[in-house]
Amino acid sequence: METKSRLLKRNPESTRTLSRPEVTVTQPKSEPAKPQPTPDAGVGGSSLDTMVAACAMELMNARNSFHKLHLKVTGEGSYAAHVAIGDFYDGLPGHADTLVEGYQGVTEKILKCKDVTPRTLDTVADGVAYLRDIYGMITKLQGMLPYSEIVNNLDLVKDSINSTKYKLLFLK
Ligand SMILES: [Fe+2]
């Protein structure tokens, strides 16, 4: 009987030492200022909008120009060129899509993409010159873009250009 009553007795010390988890209330931080694109300059929105749209259209056109070169390249070293060009143009529609979707998402507006005449490429040298031009166009655009995520995506296009140019110049 004595043992049973001792078991039922509560130890007052144990309840007193229980600690409750502390609740810390943090105030929401104010959002950093959203980068703003360049101001509107006439038809087609801002000059940055125009440049992004033009870049995307160039990448789409380049896909077809390089596909045609891939099919017409012949002579010594042409198999390496054929394969290198094929790998390059395969990636271009995805790069153009990523650029436009990303830009339209961040700026919350739809771009006006105007048709541009595609470039005709007859030789591997034409292809290399075009790769240099696209690289330059992208670098210029990157310098104007306030969105690092889009700048980084464009680096992947330049990386693909570099790799293709290396193969066209040195793998025969
Ligand atoms: Fe092919």
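**Exercises on a predicted model: helix packing and core**

Helix α5 (residues 124-144) and helix α6 (residues 148-170) pack with their axes 10 Å apart, at an angle of about 160°. The model is a predicted one.

**Exercise 1.** Determine how α5 and α6 are oriented to each other, and characterise their contact.

*Solution.*
Step 1. The angle between the two helices is about 160°.
Step 2. Angles over 145 degrees count as roughly antiparallel, and α5 and α6 are therefore roughly antiparallel to each other.
Step 3. The crossing in which α5 passes α6 is left-handed.
Step 4. From α5, the contact residues include Val 124, Leu 131, Ile 138 and Gln 142; from α6 they include Val 151, Lys 158, Ile 161 and Leu 168.
Step 5. Sorted by class, this contact of α5 with α6 holds 13 nonpolar, three polar and two charged residues.

**Exercise 2.** Classify Asp 155 as buried, exposed or partly exposed.

*Solution.*
Step 1. Asp 155 lies in helix α6.
Step 2. Asp 155 has 13 C-beta neighbours inside 10 Å.
Step 3. A buried residue needs 20 or more, and an exposed one has 12 or fewer, so Asp 155 counts as partly exposed.
Step 4. Between Asp 155 and Gln 142 the C-alpha to C-alpha distance is 8.7 Å, at a separation of 13 residues in sequence.

**Exercise 3.** Identify which residues touch the most other members of the largest nonpolar core.

*Solution.*
Step 1. The core has 29 residues, and the elements giving two or more residues to it are α3 (47-72), α4 (78-107), α5 and α6.
Step 2. Val 52, Ala 56, Ile 85 and Leu 99 touch the most other members.
Step 3. Leaving aside residues up to four places away in sequence, Ala 56 touches Ala 96, Leu 99, Val 100 and Cys 113.

Conventions:
Residues numbered from 1 in each chain as written. Predicted model: local features only at pLDDT ≥ 70, side-chain atom pairs only at ≥ 80, totals over all residues. Axes fitted to C-alpha atoms, helices over the stretch in contact; angles between N-to-C directions. Helix = DSSP H or I, 4+ residues; strand = E, 2+ residues; numbered from the N terminus. Parallel < 35°, antiparallel > 145°, perpendicular 65-115°, else oblique. Left-handed = near helix turned anticlockwise from the far one by under 90°. Contact = placed C-beta atoms within 7 Å. Nonpolar A, V, L, I, M, F, W, Y, C, P; charged D, E, K, R; others polar. Core = buried A, V, L, I, M, F, W, Y, C linked by C-beta atoms within 7 Å.
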